[in-house]
Amino acid sequence: MKLRSPDSDSVVAMLDREECDRARLARDRRYDGHFFTGVRTTKIYCRPVCPVRPAQSRNVSFYPTAAAAQAAGFRPCLRCRPEVAPFSPAWKGSRATVHRAVRLIRAGALDRDGVDALAERLGIGPRHLDRLFAKHIGASPLQFAQANRLHKAKRLLDNTRLPMTEVAVRAGFSSLRRFNATFAEVYKRSPTEIRRVPFKAAALTRPCALGVPRKEKGPACAGPFP
Ligand SMILES: [Zn+2]
């Protein structure tokens with residue numbers, strides 16, 4: 001991974017707009033998990049390897065994590081399934097506390113207790129935890145937890161035939177109502193409808209299957225990083 005790191009170890013600051021744009025237009029697998037692309041016109045976010053025809057450069061912005069893209073108002077693409085993207089190792093080790101917090105949240109720490117309790121377990125204040133997340137994840141701990149629950153649920157919907165209540169519980173939702181409401185809000189579809197969407201796994205195993213334009217550069221790419 002060679003995303004530039006100009007003056008800090010912040011992953012958010014490390015994303016280079018032109019490099020991300022080249023990577024997504026080329027569907028470069030090496031970048032999978034390292035950033036996510038939000039498309040302003042569709043309000044959907046994708047992995048760099050998405051098989052769908054890439055959006056125009058002027059309509060996209062880049063995020064270091066799926067949680068950050070979601071926090072910015074984008075919903076996960078149903079074709080490239082951001083919930084199964086490899087987790088970017090770029091920031092690992094740069095902040096042991098964030099790393100530990102992410103592990104705890106993934107294990108359900110914020111499904112049962114609040115941010116204060118999590119911060120206490122980490123031995124820091126809740127505001128400091130917020131700042132670390134803003135810097136390294138690009139989203140708050142609660143936003144990260146919500147994205148994590150949603151991704152877990154989506155994987156269970158795609159890969160198992162578990163009943164909805166069981167999916168909701170296993171993914172960490174406090175109730176079936178909350179589970180349904182979150183899917184309606186983020187995917188604009190119910191969990192049942194999501195389960196019916198067929199996943200074309202083959203599309204992701206063929207590199208650059210659609211023939212990718214590589215010359216989209218110019219003023220459109222020079223916009224401020226979101
Ligand atoms: Zn996609």
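Two strands are said to pair if DSSP finds at least two bridges between them. With this definition in mind, the legends below describe close-up views of a predicted model.

**Figure 1. Overview of the chain in the predicted model, which has 226 residues.** The secondary structure consists of 12 helices and 4 strands. Of the residues in the chain, 38% are buried.

**Figure 2. The open sheet, with its strands in the order β3-β1-β2-β4.** The sheet contains 4 strands, and their pairing is mixed. Strand β3 covers residues 60-63 and strand β4 covers residues 75-76. These two strands stand at the edges, and each has a single partner strand, so one side of each lacks a neighbour in the sheet.

**Figure 3. Strand β1 beside strand β3.** The two strands run antiparallel and are joined by 4 bridges. Gly38 has Ser61 in β3 as its bridge partner. Likewise, the bridge partner of Val39 in β3 is Val60. Which residues cover the two faces of β1? Phe36 and Gly38 lie on one side, Thr37 and Val39 lie on the other, and all of them are buried. Strand β3 is also covered on both faces. Here Val60 and Phe62 are on one side, Ser61 and Tyr63 are on the other, and all are buried.

**Figure 4. Strand β1 beside strand β2.** Strand β1 (residues 36-39) pairs with strand β2 (residues 44-46) in the antiparallel sense, over 3 bridges. Thr37 faces Cys46 in β2, and Gly38 is placed opposite Tyr45 in β2.

**Figure 5. The loop between β1 and β2, where Lys43 is found.** The hairpin of β1 and β2 has 4 residues between the strands. For comparison, most residues other than glycine have a negative phi.

**Figure 6. The loop between α10 and α11, where Lys188 lies.** Helix α10 spans residues 176-187 and helix α11 spans residues 191-196. Lys188 has a positive phi of about 60°, although it is not a glycine. Because Lys188 has 11 C-beta neighbours inside 10 Å, it counts as exposed.

**Figure 7. The crossing of helix α4 and helix α6.** Helix α4 covers residues 96-106 and helix α6 covers residues 115-122. Their axes come within 10 Å and cross at roughly 130°. Why are α4 and α6 described as oblique to each other? Angles over 145 degrees count as roughly antiparallel and those from 65 to 115 as roughly perpendicular; the crossing angle is roughly 130°, and the two helices are therefore oblique to each other. The crossing in which α4 passes α6 is right-handed. From α4, the residues Thr97, Arg100, Ala101 and Leu104 meet Leu118, Arg121 and Leu122 of α6. The residues of this contact divide into 4 nonpolar, 1 polar and 2 charged.

**Figure 8. The packing of helix α8 and helix α9.** Helix α8 (residues 141-159) packs with helix α9 (residues 164-171) at an angle of about 140°, and their axes are 8 Å apart. These two helices are therefore oblique to each other. Helix α8 passes α9 in a right-handed crossing. Which residues of α8 and α9 meet? Arg149, Lys152, Ala153, Leu156 and Leu157 in α8 meet Val167, Ala168, Arg170 and Ala171 in α9. The contact of α8 with α9 is made up of 6 nonpolar, no polar and 3 charged residues.

Methods
Residues numbered from 1 in each chain as written. Predicted model: local features only at pLDDT ≥ 70, side-chain atom pairs only at ≥ 80, totals over all residues. Axes fitted to C-alpha atoms, helices over the stretch in contact; angles between N-to-C directions. Parallel < 35°, antiparallel > 145°, perpendicular 65-115°, else oblique. Left-handed = near helix turned anticlockwise from the far one by under 90°. Contact = placed C-beta atoms within 7 Å. Nonpolar A, V, L, I, M, F, W, Y, C, P; charged D, E, K, R; others polar. Buried ≥ 20, exposed ≤ 12 C-beta atoms within 10 Å, placed from the backbone.
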